[in-house]
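Visitor: I'd like to go through this model with someone who can say what each label rests on. Can we start with the overall layout?

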Amino acid sequence: MQTLNRTVESLSIAAPTQPCCRSSVNTSRPANHILRAMEAESFEALRPDLRRVAAKRGDVLIEQGQRVEIVHFPVHAVLGNVLALKDGAAVETAAVGRDSVSGLAAVFADAPLAWSLRVQVAGHLWAMRADRLQRAMDASDRLRDLLLKV
């Protein structure tokens, strides 16, 4: 399995990416429900940092115990929170699809991720640096409130 926990800058080298919604053809928001639910001001603050990433089934986006450097807003991909147990078994504890965003619990807690984040269904997603999302939440109580409900 390929591990993809990289900075957003390295993602542009490692995987097909493009800035969010900048072409004259596609000026609407991505089809992720969280991005669509944001107020215009919050979304516009995040837009320059969002990058489209093609994710392959089996890719490991973040290893268990690592800090969340990048959050993911799936559109067509489905991600799984997979907890590795001491006996070597693994359990998927949650699925992350177009109605959510990955890694928020660890971002809010400022702690390492307690599970790994794996691509269960290939497709594309929008990725951005977690510290930029944190700054946007610090600047907007409404954005923070929206993300607390996820």
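**What the labels rest on**

Guide: Read along the sequence, the pattern is α-α-α-β-β-β-β-β-α-β-β-α-α. This is a predicted model, so local features need pLDDT of at least 70 and side-chain atom pairs count only at pLDDT 80 or more, while totals for chains, interfaces and linings use all residues. Residues are numbered from 1 along each chain as its sequence is written, and side-chain values use heavy atoms, with hydrogens and water left out.

Visitor: How many helices and strands are there, and what makes a stretch count as one?

Guide: There are 6 helices and 7 strands.

Visitor: Why are E1 and E7 called paired?

Guide: Pairing takes at least two bridges found by DSSP. E1 and E7 (residues 123-129) have 5, in the antiparallel sense, so they qualify. Arginine 51 stands opposite alanine 127 in E7.

Visitor: And what about E2 and E6?

Guide: Strand E2 (residues 60-62) and strand E6 (residues 116-121) run antiparallel and are joined by 2 bridges, so they also meet the requirement of at least two. Isoleucine 62 has leucine 117 as its bridge partner in E6.

Visitor: What makes E1 and E3 edge strands?

Guide: The open sheet has 3 strands in the order E1-E7-E3, paired antiparallel. E1 (51-55) and E3 (70-74) each have a single partner strand, so one side of each is left without a neighbour in the sheet.

Visitor: How do you know that H5 and H6 touch?

Guide: Contact means heavy atoms within 4.5 Å. The axes of H5 (residues 130-139) and H6 (residues 141-148) come within 5 Å and cross at roughly 120°; axes are lines fitted to C-alpha atoms, for helices over the stretch in contact, and angles run from 0 to 180 degrees between N-to-C directions. Residues making the contact include Leu133 and Met137 of H5 and Leu143 and Leu147 of H6.

Visitor: What makes a group of residues a nonpolar core?

Guide: Its members are buried (under 20% relative accessible area, 1.4 Å probe, protein chains only), and they are Ala, Val, Leu, Ile, Met, Phe, Trp, Tyr or Cys residues joined through side-chain atoms within 4.5 Å. The largest one here has 35 residues, with Val71 and Leu133 among those with the most contacts inside it. Beyond its neighbours within four places in sequence, valine 71 is in contact with residues including Trp126, Met128 and Leu133.

Terms used: Helix = DSSP H or I, 4+ residues; strand = E, 2+ residues; numbered from the N terminus. Buried < 20%, exposed > 50% of the residue type's maximum accessible area, 1.4 Å probe, protein only.
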